[in-house]
Amino acid sequence: IPSKPGNYIINVTFGEQHIAKSPFKVEVGPIWNSKIVAYGPGLEGGVVNQPAVFTVETNGEVGALGFSIEGPSQAKIDCKDNGDGSADVTYWPTTPGEYAVHILCNE
């Protein structure tokens with residue numbers, strides 16, 4: 001685990017051989033503590049062409065929230081502001097594979 005920000009090289013091996021594209025170059029930024037919490041089944045898995053749902057709670061954190069989904073296909077995202085510092089987010093994966101959910105805050 002990196003103890004300070006900087007550029008690092010990550011070696012991932014299987015059977016004492018590097019996996020495809022290993023080693024990986026990564027940039028580690030400074031620690032940023034956030035009160036924002038996300039939870040729900042849409043962060044654990046999903047089904048192609050079915051809605052994947054999760055909830056985000058800001059817990060008093062200020063700033064505009066944004067969301068992006070990265071994966072093997074473009075996923076439509078819908079966000080419903082619940083008016084209480086939380087939002088329900090739905091996305092629709094259209095191709096099987098692993099998706100990364102990014103929650104962004106401009107503060």
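The dialogue below goes from the overall fold to the core.

Reply: This is a predicted model, in which local features need pLDDT of at least 70 and side-chain atom pairs count only at pLDDT 80 or more, while totals for chains, interfaces and linings use all residues. Residues are numbered from 1 along each chain as its sequence is written, and side-chain values use heavy atoms, leaving out hydrogens and water.

Me: How many helices and strands does the chain have?

Reply: Helices (H or I, at least four residues) and strands (E, at least two) are DSSP runs, numbered from the N terminus. Here the chain has ten strands and zero helices.

Me: What is the radius of gyration of the chain?

Reply: The radius is taken over C-alpha atoms, and the globule rule is 2.2 Å times the number of residues to the power 0.38. For 107 residues a compact globule would have a value near 13 Å, whereas this chain has 17 Å. Its C-alpha atoms fill a box of roughly 50 × 35 × 20 Å along the principal axes.

Me: Which residues make up the largest nonpolar core?

Reply: In soluble globular proteins, nonpolar side chains tend to be buried together. A nonpolar core is a set of buried Ala, Val, Leu, Ile, Met, Phe, Trp, Tyr and Cys residues joined through side-chain atoms within 4.5 Å, where buried means under 20% relative accessible area with a 1.4 Å probe, protein chains only. The largest one here has eleven residues: I36, A52, F54, V56, F67, I69, A75, V89, Y91, Y99 and C105. Two or more residues each come from β6 (52-57), β7 (65-70) and β9 (86-92), and β6 gives the largest share, three residues. Of the 107 residues of the chain, 21% count as buried.

Note on methods. Buried means under 20% relative accessible area, exposed over 50%, partly exposed in between (1.4 Å probe, protein chains only).
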